Amino acid sequence: MTSPSDYTPPKVWAWNKENGGRFANINRPVSGSTHDKDLPIGRHPLQLYSLGTPNGVKVTVMLEELLALGHSGAEYDAWLIRIGDGDQFGSGFVAVNPNSKIPALLDRSGPKPVRVFESGAILMYLAEKFGVFLPAETAARAECLSWLFWQMGSTPYVGGGFGHFYAYAPTKIEYPIDRFTMETKRLLDVLDKRLADNEYLAGDVYTIADIAAWPWYGGLVKFGQYGASEFLAVHEYKNVNRWADAIGARPAVQRGRMVNRVQGELSSQLHERHDAGDFETKTQDKLTAAS
């Protein structure tokens with residue numbers, strides 16, 4: 001690999017499979033399936049195909065919050081998609097999400113299955129389907145959706161930008177790390193200032209904007225995401241920390257964070273969720289002890 005100062009872009013870019021860093025085995029410049037594989041289907045109205053990354057956690061938190069409110073129609077099967085193994089390139093998954101990214105949702109509650117992909121779209125779909133976590137009043141709805149799309153638009157700078165170059169890139173290069181660190185801290189400052197005068201992102205009410213933002217920005221300030229807590233000085237963002245603690249204390253959030261999780265304490269990993277009782281009986285610590 002050449003050093004940054006030695007690199008001159010060619011006239012026509014060519015894919016170098018050896019130059020992709022941690023995710024070289026799954027990154028490619030074309031879309032579509034690589035193999036035939038049908039998706040499993042469980043007994044519940046909603047079928048979720050996902051992994052416990054921040055984008056995946058958004059949806060499992062939303063579903064657990066809906067169930068906590070008594071919406072039985074939000075019962076779901078959560079199937080594990082191991083993106084490191086290329087599960088997202090199976091033909092069945094691509095049929096639900098042609099972009100081959102988790103999460104993907106299939107709503108089988110009606111006469112014809114409805115596919116929904118992109119985490120923000122899934123949150124909106126579920127909020128509108130069940131009539132919660134998205135204000136109906138015009139101004140409040142606009143505020144909520146503005147912060148939802150702020151998260152959707154801003155987080156690629158955090159994950160694909162800062163996270164990639166700080167934690168995953170094959171070499172540490174000062175310029176992109178500085179560039180994306182600056183933007184990540186700016187975004188944390190935007191959030192901190194908003195939360196200085198508001199309990200939640202959209203105001204006084206917990207909404208899908210919080211459900212979307214918490215796995216990412218809560219992850220940065222509370223869970224050591226990318227191993228960057230000290231580097232980013234996350235303790236400085238007092239209002240973000242207060243907000244992250246409040247949301248993290250919600251039982252539905254704690255359950256949602258466990259679903260499709262494949263790292264961390266074994267007791268925090270519920271690889272697949274097909275019944276509410278799975279949280280008590282099928283976490284990895286219990287499955288390991290029983291095997």
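1. Alanine 233 counts as buried, at 13% relative accessibility; buried means under 20% relative accessible area, exposed over 50% and partly exposed in between, with a 1.4 Å probe and protein chains only. Alanine 233 lies in the loop between α7 (229-232) and α8 (238-248), where helices (H or I, at least four residues) and strands (E, at least two) are DSSP runs numbered from the N terminus. Alanine 233 has a positive phi of about 50° although it is not a glycine. Most residues other than glycine have a negative phi, and most peptide bonds are trans.

2. The model is predicted: local features need pLDDT of at least 70, side-chain atom pairs count only at pLDDT 80 or more, and totals for chains, interfaces and linings use all residues. Residues are numbered from 1 along each chain as its sequence is written, and side-chain values use heavy atoms, with hydrogens and water left out.

3. A positive phi, near 60°, is also found at asparagine 260, a residue other than glycine. Asparagine 260 belongs to the loop between α9 (251-258) and α10 (278-281) and is buried, with a relative accessible area of 0%.

4. The peptide bond from isoleucine 102 to proline 103 is cis, with omega near 0°. Lysine 101 is partly exposed, its relative accessible area being 48%. From C-alpha to C-alpha, lysine 101 and glycine 56 are 9.8 Å apart in space, and they are 45 residues apart in sequence.

5. Four strands form an open sheet with mixed pairing, in the order β2-β1-β3-β4; two strands pair if DSSP finds at least two bridges between them. Because β2 and β4 (114-117) stand at the edges with a single partner strand each, one side of each is left without a neighbour in the sheet. Neighbouring strands of this sheet are turned by 20° against each other on average, direction ignored; axes are lines fitted to C-alpha atoms, for helices over the stretch in contact, and angles run from 0 to 180 degrees between N-to-C directions.

6. Strand β1 (residues 46-50) pairs with β2 in the parallel sense over five bridges, and leucine 46 stands opposite tyrosine 76 in β2. By contrast, strand β3 (residues 104-107) and β4 pair in the antiparallel sense over four bridges. Phenylalanine 117 in β4 is the bridge partner of alanine 104.

7. Strand β2 (residues 76-80) is mostly covered, with five of its five residues buried. Tyr76, Ala78 and Leu80 point one way from β2, while Asp77 and Trp79 point the other way.

8. Helix α3 and helix α6 (residues 208-222) pack at an angle of about 150°, with their axes 10 Å apart. The two helices are therefore roughly antiparallel to each other; angles under 35 degrees count as roughly parallel, over 145 as roughly antiparallel, 65 to 115 as roughly perpendicular and the rest as oblique. The contact (heavy atoms within 4.5 Å) is made by Leu123, Met124 and Ala127 of α3 and Ile208, Ile211 and Ala212 of α6.

9. Helix α3 also packs with helix α4 (residues 138-168), at an angle of about 155° and with axes 10 Å apart. That angle makes α3 roughly antiparallel to α4. Here Ser119, Gly120, Leu123, Met124 and Glu128 in α3 meet Arg141, Leu145, Leu148, Phe149 and Met152 in α4.
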